[in-house]
Amino acid sequence: MSALLIDFLLIALYATCLFGVVYFFTHGRPLVFSPYMGQLVAFLSLTLPVLLYLICFEYSSKQASLGKQICKLQVHNINGGKASLQSIIIRNVVKLLPWEIAHAFVQALFYFIHKNEEPPIWVWIGLIIPQLVAFVYFITPVLNNKGRGVNDLIANTIVVRETSRS
């Protein structure tokens, strides 16, 4: 949990800087996009850089994001060796999936609110789905004996105490 918190703080710092840059260039006026364009902008400016950060660091020789490095953890394949690039990509795409689903439906919510329209029921349902998925993600490590999350189970990876610094 400590490694996750450290990584979350780094991501929040990046997101805050990104917000500050947008605020500066728009002079505080909201950017209004269609839900699709808003999702694309959010993905390219926030999700993709975070995804690349996680993939690059976890596939590196240290096999760990900065948070994991500080906590002396590494991502391995289920057999204890270095995880493949494919496994690292799957692990992190699955990890960020609830976040990305939430972005998509928040974009839709803002779009309808900006148009002074009542958001349709599918928007509200779509905002609940990532909460349910995140809950499953949260309880899964507690329920299995190795503490593996949904993303690790799907990617056949495991987070372990650091074995060596390569």
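What follows is a walk through the fold, the salt bridges, the ring pairs and the surface of this protein.

The model is predicted, so local features are taken at pLDDT of at least 70 and side-chain atom pairs at pLDDT 80 or more, while totals for chains, interfaces and linings use all residues. Residues are numbered from 1 along each chain as its sequence is written, and side-chain values use heavy atoms, with hydrogens and water left out.

The protein has six helices and two strands, these being DSSP runs numbered from the N terminus (H or I for helices, at least four residues; E for strands, at least two). Read along the sequence, the order is α-α-α-β-α-α-α-β. The C-alpha trace spans about 55 × 35 × 25 Å along its principal axes. Of the 166 residues, 34% are buried, where buried means under 20% relative accessible area, exposed over 50% and partly exposed in between (1.4 Å probe, protein chains only). Contacts are heavy atoms within 4.5 Å; among those between residues at least 6 apart in sequence, 63% join residues at least 24 apart.

Salt bridges come next, meaning a side-chain nitrogen of Lys or Arg within 4 Å of a carboxyl oxygen of Asp or Glu. The whole structure holds five of them, and Glu58, Lys68, Arg91, Lys95 and Asp152 are linked in a network. Lys68 pairs with Glu58, with the closest N and O atoms 2.8 Å apart. This pair links distant parts of the chain, Lys68 being in helix H3 (residues 66-70) and Glu58 in helix H2, 10 residues apart. Both ends are tucked away: Lys68 is buried at 7% relative accessible area, and Glu58 is buried at 1%. Glu58 also meets Arg91 (3.1 Å, N to O). Since Glu58 lies in helix H2 and Arg91 in helix H4, that bridge ties together parts 33 residues apart in sequence. Arg91 is itself buried, at 3%, and bridges to Asp152 as well (2.6 Å, N to O). Here the link runs from Asp152 in helix H6 (residues 150-155) to Arg91 in helix H4, 61 residues apart.

On the aromatic side, rings of Phe, Tyr and Trp (its six-membered ring) pair if their centres lie within 6.5 Å, with planes under 30 degrees apart called stacked, over 60 edge-to-face and the rest tilted. There are six such pairs. Phe24 and Phe25 have ring centres 5.1 Å apart and planes at 85°, so they sit edge-to-face; both are exposed. Phe112 and Trp122 are edge-to-face too, because their planes are at 80°, with centres 6.1 Å apart. Phe112 lies in helix H4 (residues 85-114) and Trp122 in helix H5 (residues 121-143), so this pair ties together parts 10 residues apart in sequence. Phe112 is buried at 13%, whereas Trp122 is partly exposed at 45%. Val123, in helix H5, is buried at 0% and touches Phe105, Ala108, Leu109 and Phe112, leaving aside residues up to four places away in sequence.

As for the surface, the accessible area is about 10300 Å², 72% of it from carbon and sulfur atoms; areas come from the Shrake-Rupley method with a 1.4 Å probe, and for residues only the protein chains shown count as cover. Phe33, in the loop between helix H1 (2-26) and helix H2 (35-59), is partly exposed at 32%.
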